[in-house]
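Please read them with the structure open.

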Amino acid sequence: MTRKIIVVFITLFISASSFAQINSTSVYSFFGIGDRNNSATTEQLSMGGVGVSLSEPHRINLSNPAANASLDFTNYSLALVSKNSWEKQNGQSENASATYLSYLAMGFNLGEKGGLSFGLMPNTSVGYNLISREYDVDNEILAATAYKGQGGTSKVFLGFGYEVAKGLNLGIQGNYVFGKIENSIVNQIKGSTLSTKYETISNVSGFNFGAGFQYKTEVKENLNLLLGGNFNFENDVKSNEKEYLYSISSGFPRDTILNNKNISYLKNPMKSTLGIGFGRDNKWYAGVDYTFQKALSSEGSIYESDIISYDNYSKFAIGGFYTPKYNSILSYWNRITYRAGFKFENTGLLLDVDKDGLDYEPINDFGISFGIGFPVGKQISNLNFGFEYGKRGNSNGNLVQENYFNFRMSVSLNDKWFEKQQIF
């Protein structure tokens, strides 16, 4: 058993290098420290992202540490996601795609009432590559500007859950956020032998903590009521920023015009998620989650701009799953799990497309999702596929409307590591 644990720890830390290459496919990842990642499993995201009230003995729940108390098996989970997006602005369209490791996690029970989970997952992602051009009256290019960003932040987490009373689980979780973000703007003017490059490099780090609860009771035979909540407490994320401005000749730096260092903080208010659901164990579940967070703010950042502002964040999600007969011996197809859901998300990002400081446009996100889970082996392991289609933003004025399709795949492996030896 000890060798198994050591192997898992080594795998987690080796896999950390793969998260450094995370790329978003969204132009909106330009702002702040990038796109927020959904802290949820493939199974949950296939149900619109719901699940803060759901706990299962053979499955990790990344949305609520209280669910760790219900683990009966040692669970090892990893997932991949392929993001594809199509951006539309002023009648022009572009597309982008990226594939990366979505999360790597492990959970196991500690006695009859406790459970622990830990892992690694992306926290935010930055990835865009844009070019804007200026034309004269003869429609010839006067100047071109290239915008490029890459990197993001990752999150290492450790969560613990415990059943404090019958049907009531409480949990706590600690997270360490780290990463590197690079942004650059290169400008070239017609007839000039030199171009200019403005570059920023940010090394981001910070701790945050959260707590959650789950309550489950049988309201009538074969019908359970499930309540849950998760609370990520207020925290600051520190960013060590470097700022450069220099000229470029034949693709190589020439003269340095600006070289600054800066320290800034991204302030995250408490984020709360509440959920309610109904279901029958191993058969079906239907739930609703609501998430709320007051507006983000930054202090001393070189990325501050008049065209961007922040509003309160909110998300409404509804979804569920259905399994015809999870323990069917005669039919494999009866053991397959089907999932579906949708979400509506107010990202909290506001953009001033006219740059007059008056009319900020909210960036909203709507998506529908579905998925399917195939049982593997004899110990409740499974292979899951998830699909999501949605739209973010709109094409009003100079805004960008982003249509996206996400494909997810995860493996959830289960084993009994802590069984007591039987003496006959």
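**Notes on the predicted model**

1. Gln293 is buried, at 3% relative accessible area; buried means under 20%, exposed over 50%, and partly exposed in between, with a 1.4 Å probe and protein chains only. Gln293 sits in strand S12. Its side chain makes a polar contact with the side chain of Arg36, at 2.8 Å. A polar contact is a pair of N or O atoms within 3.5 Å; within protein, one must be able to donate a hydrogen and the other to accept it, and residues adjacent in sequence count only if both atoms are side-chain atoms. Apart from neighbours within four places in sequence, Gln293 is in contact (heavy atoms within 4.5 Å) with residues including Arg36, Asn268, Asn312 and Tyr313.

2. A word on the basis of these notes. The model is predicted, so local features need pLDDT of at least 70 and side-chain atom pairs count only at pLDDT 80 or more, while totals for chains, interfaces and linings use all residues. Residues are numbered from 1 along each chain as its sequence is written, and side-chain values use heavy atoms, with hydrogens and water left out.

3. The protein chain has 2 helices and 19 strands. These are DSSP runs numbered from the N terminus: helices are H or I with at least four residues, strands are E with at least two. Of the 424 residues, 47% count as buried. Among contacts between residues at least 6 apart in sequence, 65% join residues at least 24 apart.

4. Gly348, in strand S16, is also buried, with a relative accessible area of 2%. Which residues does Gly348 touch, not counting those up to four places away in sequence? They are Ser309, Tyr310, Asp311, Asn312 and Tyr313. The C-alpha atoms of Gly348 and Asn312 are separated by 5.2 Å, although the two residues are 36 apart along the chain.

5. Strands S16 and S17 pair in the antiparallel sense over 12 bridges; two strands pair if DSSP finds at least two bridges between them. In this pairing, Thr337 stands opposite Gly373 in S17. S17 also pairs with strand S18 (residues 381-392), antiparallel and over 12 bridges, and here Asp365 stands opposite Arg392.

6. Asp365 also forms a salt bridge with Lys343, their closest N and O atoms being 3.8 Å apart. The partners are 22 residues apart, Asp365 in strand S17 and Lys343 in strand S16. A salt bridge is a side-chain nitrogen of Lys or Arg within 4 Å of a carboxyl oxygen of Asp or Glu.

7. Lys216 lies in strand S7 (residues 195-220) and Asp281 in the loop between strand S11 (271-280) and S12, 65 residues apart. Lys216 is partly exposed at 30% relative accessibility, and Asp281 is partly exposed at 45%.
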